[in-house]
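Trainee: I have not looked at this structure before. Could you take me through how to read it?

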Amino acid sequence: MKINIESLMDGNIGVKEDYKFSYSNQQDDFIVNCSASIMRTDTGVNVRSDCLSTLKHSCSRCLQSMENKISFEFDESFVDQKHIAYDSTWDEKADDVFIIDDTNSIDMSIPLNQYMLTERPMAPLCDIECKGLCNQCGTNFNNSLCSCKPKLSNPSWEKLRDLWDEKRK
């Protein structure tokens, strides 16, 4: 997702433009809608963006398909390649530097993918009270109970099994 910022690069420091765009990542199956304010700085541009996305995934306990709305914002600097070439203090190999290419375009897919990765829930739940699946027969405990007895590998847990049976009755 490239944005041409040639008009900003030709302008004075402090000049600002607003953009609205959508970014689609087919590999991870998400679409991000963003509104961004891009301001010219002495070394390139600063991008301040508010983003909203809907992720499709499965509950980590019961495997039910679900959607989560995720909103995030970011503030990142993009540095002009020409500035890096003339300034020996810049480390070209720095991971946190985003580059304005030679056509005066910024690639928003890189920061968007990074922020989506950090905002994505590690263990998404369909509900905070999700009961999960039976590890023996696969019954979804949110919908019904099963007749499986819990298998405990250690006999010292027998009292816990009795407690489990009492609770389920």
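**Reading the chain**

Mentor: Start with the order of elements, keeping in mind that this is a predicted model. From the N terminus on, the protein chain runs β-α-β-β-β-β-α-β-β-α-α.

Trainee: How many helices and strands are there in the protein chain?

Mentor: The chain holds four helices and seven strands.

Trainee: What share of the 169 residues is buried?

Mentor: Burial is judged by relative accessible area, and under 20% counts as buried. In this protein chain, buried residues make up 36% of the 169.

Trainee: Is Thr 41 buried or exposed?

Mentor: Thr 41 is buried, because its relative accessible area is 18%, and the cut-off is under 20%. Thr 41 sits in the loop between strand E3 (30-40) and strand E4 (44-58). Thr 41 and Gly 14 are 27 residues apart in sequence, yet their C-alpha atoms are 6.2 Å apart in space.

Trainee: Which residues form a nonpolar patch on the surface?

Mentor: Trp 157, Leu 160 and Leu 163 form one, and together they have about 310 Å² of accessible area. Leu 160 belongs to helix H4 (residues 158-168). With a relative accessible area of 43%, Leu 160 is partly exposed, a class that lies between the 20% and 50% cut-offs.

Trainee: Which residues line the largest pocket?

Mentor: The lining consists of Lys 131, Phe 141, Leu 145, Trp 164, Lys 167 and Arg 168. By class, that lining has three nonpolar, three charged and no polar residues. The space in the largest pocket is about 200 Å³.

Notes
Residues numbered from 1 in each chain as written. Predicted model: local features only at pLDDT ≥ 70, side-chain atom pairs only at ≥ 80, totals over all residues. Heavy atoms only, no water. 1 Å grid on protein atoms, 1.4 Å probe; cavity = no way out; pocket = protein on both sides within 12 Å on 5 of 7 lines; lining within 4 Å. Points joined across faces, edges and corners; volume = space filled by probe spheres on them. Nonpolar A, V, L, I, M, F, W, Y, C, P; charged D, E, K, R; others polar. Patch = residues over 30% accessible without salt bridge, like charges linked within 9 Å, V, L, I, M, F, W, Y side chains within 5 Å. Areas by Shrake-Rupley, 256 points an atom, 1.4 Å probe, with all protein chains shown as cover. Salt bridge = Lys/Arg side-chain N within 4 Å of Asp/Glu carboxyl O. Helix = DSSP H or I, 4+ residues; strand = E, 2+ residues; numbered from the N terminus. Buried < 20%, exposed > 50% of the residue type's maximum accessible area, 1.4 Å probe, protein only.
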